[in-house]
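Here is a short briefing for a reader new to this structure. Begin with the view below, then read the points by topic.

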Amino acid sequence: MDPLDFTARTGWTAKPQGLCQGDVCVPAPGAIKADGTLDATVISERLRMPLVHDEAHGLWALGPASGGKALTTAVAPDPVLRDRNGDSFSLSSLRGRRTIMVAWASW
Amino acid sequence: MWQTLHAELEPVGFTVVTVALDIDPANATPWIDAAAPTHPSLIDTGHITNDLFGFVNVPMSVWIDEDGMIVRPAELALLEPRVRRELSPGMPERIVNMMAEVNKLPDVSVSYRAMIDDWVAKGSLSEFILSPGEVIDRSRPYPMEHARAAACFELGQHLWRSVGHEAAVPWWREAHRLNPDNWTYKRQAWTLVTTPEGADAPDLLQGPNDVYEGNWLDDVLAAGGGEEYYG
């Protein structure tokens, strides 16, 4: 698993001291493999992130950390999302301003 | 509505960011174009902000301060009062029952706007600004079943794009079973099967269908009625 993808999608970052989000770090020996990629099985166990497998299509999905609250830190995640033109936008670009982030849908 | 708020508050250091939870961007773009937003207007085709911020329905918001800290977790966000809908006589019973539940949906527009005004006036001293601990405590419980539902929904949306809706259905059904309180999983899937081919807009009635076990009215009633729609 790519470390940057992991951070972008989960808000957690793999560091030498463990898996960290905000000021929380969970020890996770073996999470970072020799080639710099991440071991999804180790991360799944340490953060209680479910690994779901679609055998027919050879796909795996790693769910979010579980067992506590929806938010494990008040540090805002920094997902990169795209606008209607396909241009990417990072929430962290708004540092220094107060932000009201609103979810809506067409459905 | 959100554009109006952004235009009003942008000069005093606020930014409104809207995020459309739409697996198909083509469904969100007409609404975005009509609003002509000058604020960031994003499309979350993977519903990843559900997991990252705790959204389970729309419209919901989070507040983030100047330092990138969440100061209010996901909650119902309304700027304008809900319009009570009256039906003309002779409408089908199911529509009548659905509108009855719609008319029970909570209306927090007055208090929500008052909270924003207080934040504008008092900044971090506003009584509505929460500490990091309070933000975490007020966010929803997140058991393993909900995390597994998120993984199932993600598998489904990947298969919807790469293979087709039929391949996504088992995973989305499982996501609905594991986390019935997440309306974004359910409404996103329902509308894909109840919207007629070639329709101008997604179907919002989301009635009974042969693909998914639930539908809007029966699931709202099972959850306790319109009053409980946002948990």
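The model is predicted. On that basis, the order of elements in chain A, read from the N terminus, is α-β-β-β-α-β-β-β-β-β-β.

**Chain A: make-up**
- Two helices and nine strands are found in chain A.
- Along the principal axes, a box of roughly 40 × 40 × 30 Å holds the C-alpha atoms of chain A.

**Chain A: burial and contacts**
- Chain A has 107 residues, and 36% of them are buried.
- Among contacts in chain A with a separation of 6 or more, 26% join residues 24 or more positions apart.

**Where chain B meets chain A**
- The contact between the chains involves 71 residues of chain B and 46 residues of chain A.
- On the side of chain B that touches chain A, helix 7 (residues 144-162) of chain B supplies the largest share, with eleven residues.
- By residue type, that side of chain B consists of 46 nonpolar, 16 polar and nine charged residues.

**Strand pairing across the chains**
- Strand 9 (residues 98-104) of chain A pairs with strand 1 (residues 14-20) of chain B.
- The two strands run in the parallel sense, and seven bridges link them.
- One of the residues involved is A:Thr99, whose bridge partner in strand 1 of chain B is B:Thr15.

Terms used: Residues numbered from 1 in each chain as written. Chains lettered and ligands numbered in written order. Predicted model: local features only at pLDDT ≥ 70, side-chain atom pairs only at ≥ 80, totals over all residues. Contact = placed C-beta atoms within 7 Å. Helix = DSSP H or I, 4+ residues; strand = E, 2+ residues; numbered from the N terminus. Nonpolar A, V, L, I, M, F, W, Y, C, P; charged D, E, K, R; others polar. Pairing = 2+ DSSP bridges. Buried ≥ 20, exposed ≤ 12 C-beta atoms within 10 Å, placed from the backbone.
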